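Please look at the structure below and follow the text with the model in view.

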Amino acid sequence: MNKDIQSIVLTEAQIKEKVAAAAVWLDKRYEGKNPLFISVLKGSVMFFCDLVRAMETPVQMDFMTVSSYGAGSESSGMPKIVMDLAANVKDRHVVLVEDIVDSGYTLQRMKELMSGRGAASFTTVALFDKPARRKVDIKADYACFEIGDEFIVGYGLDYAQQYRNLPYVGILKREIYEK
Ligand code: PRP
């Protein structure tokens with residue numbers, strides 16, 4: 001285990017189980033609908049790639065980079081679109097894939113944006129839900145795992161752009177982000 005990790009929240013095997021269950025939920029909803037799956041980069045990259053590969057329904061994929069945390073642990077409250085989609089979402093069934101819903105600002109912003117662009121439907125799937133930190137009244141339609149107010153990293157989630165490539169999700173030692 002990485003020396004900066006205090007304990008593991010989800011092992012690789014547990015992640016695989018959660019991903020498989022989410023894929024079943026999505027397959028039931030989207031069979032024959034040609035959905036457009038959007039990965040909110042960078043955090044969702046690992047989850048997104050595993051999720052679409054676990055599904056049987058053919059999907060189209062696009063990517064958007066949205067950032068609001070910078071190097072800190074508090075949301076700026078104003079998620080910034082660093083890189084926009086290539087696809088036109090008008091009349092499309094959009095599925096937004098997130099690694100985590102924390103304050104909810106990112107999800108809220110994406111929902112407004114997709115509705116403004118004329119998406120036919122908008123569904124959100126998140127690996128983690130952290131309801132204790134919510135600032136706006138919003139939730140993912142499907143969340144794989146609910147977590148308390150711990151600082152988690154790995155499997156796409158970062159602290160100051162580090163730890164994203166850990167294959168598991170773990171709680172970061174407090175001394176790392178409080179130093
Ligand atoms: C993280 C995460 C979500 C968002 C959730 O992204 O990937 O997109 O924050 O937080 P919120 O509910 O408080 O908005 P971040 O802005 O850190 O960028 P990253 O994905 O590149 O790490």
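The shell of residues around the ligand is made up of 6 nonpolar, 7 polar and 6 charged residues. The model shown is a predicted one. Of the 19 residues around the ligand, those that come nearest are Ser68, Tyr69, Asp99, Ser103 and Thr106. Strand 3, strand 5 and helix 3 each supply at least two residues of this shell. The largest share comes from strand 5, with 4 residues.

Some contacts can be followed atom by atom. A polar backbone atom of glycine 104 is 2.8 Å from an oxygen atom of the ligand. In arginine 164, a polar side-chain atom lies 3.0 Å from an oxygen atom of the ligand. In aspartate 158, an N or O atom of the side chain is 3.2 Å from an oxygen atom of the ligand. On its own, the ligand has 500 Å² of accessible area, and the protein covers 94% of that.

Where does the ligand sit? It sits in the largest pocket, whose volume is about 820 Å³. The lining of the largest pocket consists of 41 residues, and Tyr69, Asp99, Ile100, Asp102 and Asp158 lie nearest the centre of the pocket. The elements that give two or more residues to this lining are strand 2 (36-41), strand 3 (60-67), strand 5 (93-101), helix 3 (105-116), strand 9 (169-172) and helix 4 (174-178). Strand 5 gives the most to the lining, with 4 residues. Sorted by type, the lining of the largest pocket has 17 nonpolar, 13 polar and 11 charged residues.

By type, the lining of the second largest pocket has 6 nonpolar and 4 charged residues, and no polar ones.

How values were computed
Residues are numbered from 1 along each chain as its sequence is written. This is a predicted model: local features need pLDDT of at least 70, side-chain atom pairs count only at pLDDT 80 or more; totals for chains, interfaces and linings use all residues. Side-chain values use heavy atoms; hydrogens and water are left out. On a 1 Å grid over the protein atoms alone, a cavity is a set of points where a 1.4 Å probe fits but cannot get out, and a pocket is an open set with protein on both sides within 12 Å along at least five of seven lines; lining residues have an atom within 4 Å of a point. Grid points are joined across faces, edges and corners, and a volume is the space filled by probe spheres set on the points. Ala, Val, Leu, Ile, Met, Phe, Trp, Tyr, Cys and Pro count as nonpolar, Asp, Glu, Lys and Arg as charged, and the others, Gly among them, as polar. A residue is near a molecule or strand if one of its heavy atoms lies within 4 Å of it. A polar contact is a pair of N or O atoms within 3.5 Å; within protein, one must be able to donate a hydrogen and the other to accept it, and residues adjacent in sequence count only if both atoms are side-chain atoms. Accessible areas come from the Shrake-Rupley method with a 1.4 Å probe; for residues, only the protein chains shown count as cover. A molecule sits in a cavity or pocket if more than half of its atoms lie within 2 Å of its grid points.
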